[in-house]
Amino acid sequence: MSNTPMAANPLTRAVLEIDEYASGLGWDQPARLFALVDTARLRTQEPALAAQLGLEEERESAALTPIEQDEIPAGSPLDEFLATIAWPDAVVGCALTVERLMLPPSAEASVPEGLNEKKLAQWVAEHPDRQEVRMTVAVLRDGARESALRLREKDTPTEVLTGGDLVPGLAEALSATFED
């Protein structure tokens, strides 16, 4: 991706590339799942696919190539869907981009008690301090993690927050897709 900022490591670069791709699709999109493959290995073992993806030229900055997977079934709870995934050995990691509503920590004290999941989601959606956020979380088989968060109200590449522990629950769920 042309506007992806340079990052210190391949996983961060892959997360930012996926974030840029998702940004280009606009907001209000379904969750998207990506396999992460070693770019050099892809060029060697699958040259036709590498050519189709525009990877035939040597690019040092793209050590990991994200490959979007089939759509996540609509209406399927994300955690249940992720529990059904098994990756082939050629996949060194995976990533997921998903949009959610979030509240600032100060709102936690005002959450009404006894709400079921549906009522809580409605309460969050109607809260005046809610923020729409796109989260891109990636994990590698070796346990490495990276995330990118983009707020809808600050929707620019320079306002994307990155870090390994920004969305730990989702990172755990993605890591579980590599367990036997």
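This is a predicted model: local features need pLDDT of at least 70, side-chain atom pairs count only at pLDDT 80 or more; totals for chains, interfaces and linings use all residues.
Start by selecting Asp28, which is exposed, with a relative accessible area of 55%. Asp28 sits in the loop between H1 and E1. Check its backbone too: phi is positive, at about 60°, although Asp28 is not a glycine.

**Into the sheet**

Is E1 mostly covered or mostly open? It is mostly covered, with six of its seven residues buried. Now bring up the strands around E1. They form an open sheet of six strands, in the order E2-E1-E3-E4-E5-E6, and the pairing is antiparallel. Which strands stand at the edges? They are E2 (64-68) and E6 (161-163), each with a single partner strand, so one side of each has no neighbour in the sheet. Turn the view to follow the twist, which averages 20° from one strand to the next.

Stay with E1 and look at its two pairings. With E2, the strand runs antiparallel, and five bridges join them. To see two of the positions, select Ala35, whose bridge partner in E2 is Ile67, and then Val37, whose bridge partner in E2 is Thr65. With E3, the pairing is again in the antiparallel sense, over six bridges. Here, pick Phe34 and find Ala95 of E3 standing opposite.

**Helices across the sheet**

Next, select helix H1, residues 10-25. This helix lies across E1, E2, E3, E4, E5 and E6, and it runs at about 30° to E5.

Then go to helix H6, residues 168-176. H6 lies across E1, E3, E4 and E5, running at about 35° to E4. Which of its residues are buried? Colour Leu170, Ala171, Leu174 and Ser175 to see them. Now look down the axis of H6: the buried residues fall within an arc of 140°, so they line one face of the helix. To see what covers them, show strand E1 (32-38), helix H4 (78-82), strand E3 (91-102), strand E4 (131-140) and strand E5 (145-151), which are all included in that cover.

Now for the empty spaces. Rolling a probe the size of a water molecule over the atoms shows where empty space is left. How many cavities of 30 Å³ or more does a search of the whole structure find? The search finds one. The largest cavity has a volume of about 50 Å³. Of the elements, E3 gives the most, with three residues.

**Last stop: the largest pocket**

Finish at the largest pocket, with a volume of about 320 Å³. Select the residues that line this pocket: Arg100, Leu101, Glu117, Leu120, Ala121 and Val124. Where does the lining come from? Strand E3 and helix H5 (117-126) each supply at least two residues. Helix H5 gives the most to the lining of the largest pocket, with four residues.

How values were computed
Residues are numbered from 1 along each chain as its sequence is written. Side-chain values use heavy atoms; hydrogens and water are left out. Buried means under 20% relative accessible area, exposed over 50%, partly exposed in between (1.4 Å probe, protein chains only). The arc is that of the directions from the helix axis to the C-beta atoms. Contact means heavy atoms within 4.5 Å. Two strands pair if DSSP finds at least two bridges between them. Axes are lines fitted to C-alpha atoms, for helices over the stretch in contact, and angles run from 0 to 180 degrees between N-to-C directions. On a 1 Å grid over the protein atoms alone, a cavity is a set of points where a 1.4 Å probe fits but cannot get out, and a pocket is an open set with protein on both sides within 12 Å along at least five of seven lines; lining residues have an atom within 4 Å of a point. Grid points are joined across faces, edges and corners, and a volume is the space filled by probe spheres set on the points.
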